[in-house]
Structure formats: structure tokens, C-alpha cells
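Visitor: I'm new to this one. Can you put it up and walk me through some details?

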Amino acid sequence: MSDAAADLARRLLLDEDARAVPALYAYMHSQESNPAAAIATLDIALWDAKAKGEGVPLWRSLGGDGRSAYLISDDHGAHAARIKLTDDDANDLAAIAAAHEALSRRLVEPVIMVMAPENWTADIAIARMQEIEQHFDISYIEAPCSAEDIEGQLKVSAAVRAGVANGRSFSGRQQFTPHLKARSLDMFILNIHEIGITGAIEMADAAFTYELPILIAGSAGNVGVHLAGAMPYFAFAEKSVVPDWLTTSVHCDNGIAKSDQTIGNGLGLRT
């Protein structure tokens, strides 16, 4: 736990009922100058404590059904592939071709998502995507331009076949809401290490109103997979590499992840 999260816990959470996670999440956000990442860290810990107090896996405490989740990853071993684009057209097309070939061996319709470099504008994204889409069907492009450029993302969405996804760095509803109102996104990316589990559930419910699918960004020990059955329109979870020192109750195989019956979020230190 970071120093900021530990300090926040001492100031605001001592003597509070850990079972009231959504209320505590709102309380932490109501106080000025609390780092969003620290709130997210504590929110994840509170949900773990709540599930352990109930004697159930985290997915059950969240109201889920423990269903499997399709994985998306940068390698070719998941159910879908994510390709980080560069400024090199030839290399990008080669990377997409390799992912498409690998996925086609197992899937009838490969799902490929691309991630734009941070320096791209809407016009650059449109030009590059129109070139790519002459050769491949791309499901989504992530962050084709600055997250604050709502008009730019609408422009990209109108000009290419791929949907537009964003939200990986968003830390609260104040960043998602303008996109919902403008209908500028075709998929929400929710990062529980930025927005917390409570925030992710809140934004998934908001996205459901607009029939938008959800992608859970990579998380420690793939703990985000616990949310699969608790979210409407859950589409994918990003596969994270689990370090040797960490144990997890989420098991990944052949592009699919599933949480077992371990109580709590299933994360622990390997002994």
C-alpha cells in the first residue's frame, strides 16, 4: 500500500464500518485533495475485507455469478488482441497481420483492438485507421486523440469503421460523464487501480444506459476478472502477467479467465 493510501486510511477510515464500501468510497471522494489512486487502492482493499467478512469470493460479494471472462492481451494467447500502434505504418500492419493470423487459427472472427500513441490527433488517427482498415477489420481504437478532445473522438468515430474506446486513465465520473453526454465513446475502459471497484461498477451501470460494452484494464493478479459477472455488457478483461511472488485465484487458460471459490479477492504473497 502506498504512503498516500495509508495516510488516507488513518485520516478517514479508522472506526468506520468496512462493510459500507460504496458509502466509504463516496466519503473519500467528498474530501478535497485525496489522490484518486489512493482511494482506488483502499476501495479494492475494502471490497476484499467485505468479501472475507462474508466468507465468500469477491465476485459473489459484488453480486456476480463467477462467470468466465474473455481476455484481451498484447500477445496472441488471449481471445482478442490489442496492438500498440506506432508511427511506422509497415510495422503496425505487420503486427496486426501476425495477431490476425494467430487468432484466426482458433477463432472464426478475430477481435483486434489498436491503441494510438499519445501524440496522435484526430486527423492523424483517421488517416492511419483508414489505411489499416483497407487490410483488416479493427474492432476498436483506444484513445485516438486526447481524452479531453470529445469532438475529436466523435470525428474519428464517424470517419472509421472501428469503435472508439477510452477511459484507461480516467479516475472518476467527472471524466466519463462528458463522453456519455456527447456519445463520443463506443466502449468504456475501466481501470480499477484508477477508479476503484466501486467506481468501475458505477460507470459500468452508467454505460449500460447507453448500451456500451466494458473492458476492464489490466489489474494486479487479474483481480478485475471478479467483476465480469457483476457488470452488464462486460466484454473483455485485459490479461496481466502475474509475478512469481504473487498468488491469485484467477486462472487463465486458452484466452479465458475464471475466478475460483477462494474467499476474498484471492490475492496473496507466495511463500
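Visitor: Let's start with F208. How exposed is F208?
Guide: F208 is partly exposed, with a relative accessible area of 41%. Buried means under 20% relative accessible area, exposed means over 50%, and partly exposed is in between, using a 1.4 Å probe and protein chains only. This is a predicted model, where local features need pLDDT of at least 70, side-chain atom pairs count only at pLDDT 80 or more, and totals for chains, interfaces and linings use all residues. Residues are numbered from 1 along each chain as its sequence is written, and side-chain values use heavy atoms, leaving out hydrogens and water.

Visitor: How many aromatic pairs are there in the whole structure?
Guide: A search of the whole structure finds three. Rings of Phe, Tyr and Trp (its six-membered ring) pair if their centres lie within 6.5 Å; planes under 30 degrees apart count as stacked, over 60 as edge-to-face and the rest as tilted.

Visitor: What do F176 and F188 form?
Guide: A tilted aromatic pair. The centres are 4.8 Å apart, with 45 degrees between the planes. Helices (H or I, at least four residues) and strands (E, at least two) are DSSP runs, numbered from the N terminus.

Visitor: Which residues do ring pairs link into a cluster?
Guide: F170, F176 and F188.

Visitor: New topic. At what angle do α2 and α9 pack?
Guide: At about 105 degrees, with the axes 10 Å apart. Helix α2 covers residues 21–30, and helix α9 covers residues 192–209. Axes are lines fitted to C-alpha atoms, for helices over the stretch in contact, and angles run from 0 to 180 degrees between N-to-C directions. The two helices are therefore roughly perpendicular. Angles under 35 degrees count as roughly parallel, over 145 as roughly antiparallel, 65 to 115 as roughly perpendicular and the rest as oblique.

Visitor: Which residues meet there?
Guide: V21, P22 and Y25 come from α2. I195, T198, G199 and E202 come from α9. Contact means heavy atoms within 4.5 Å. By class, four residues are nonpolar, two polar and one charged. Ala, Val, Leu, Ile, Met, Phe, Trp, Tyr, Cys and Pro count as nonpolar, Asp, Glu, Lys and Arg as charged, and the others, Gly among them, as polar.

Visitor: Now S259. Where does S259 lie?
Guide: In strand β11 (residues 256–259). S259 is buried, with a relative accessible area of 7%. Leaving aside neighbours within four places in sequence, S259 is in contact with W59, V225, H226, S249 and V250.

Visitor: And what is G268 in contact with?
Guide: W245, L246 and T247, again leaving aside neighbours within four places in sequence. G268 is found in strand β12 (residues 268–269). G268 is partly exposed, at 23%.

Visitor: What is the phi of R183?
Guide: Near 55 degrees, a positive value in a residue other than glycine. R183 lies in the loop between α8 and β6 and is partly exposed, at 47%. N254 also has phi near 55 degrees. N254 is in the loop between β10 (250–253) and β11 and counts as exposed, at 52%.

Visitor: Last one. How many helices and strands does the chain have?
Guide: Nine helices and 12 strands. The radius of gyration is 19 Å, close to the 18 Å that the globule rule gives for 271 residues, so the chain is as compact as a globular protein of that length. That radius is taken over C-alpha atoms, and the rule is 2.2 Å times the number of residues to the power 0.38. Buried residues make up 51% of the chain.
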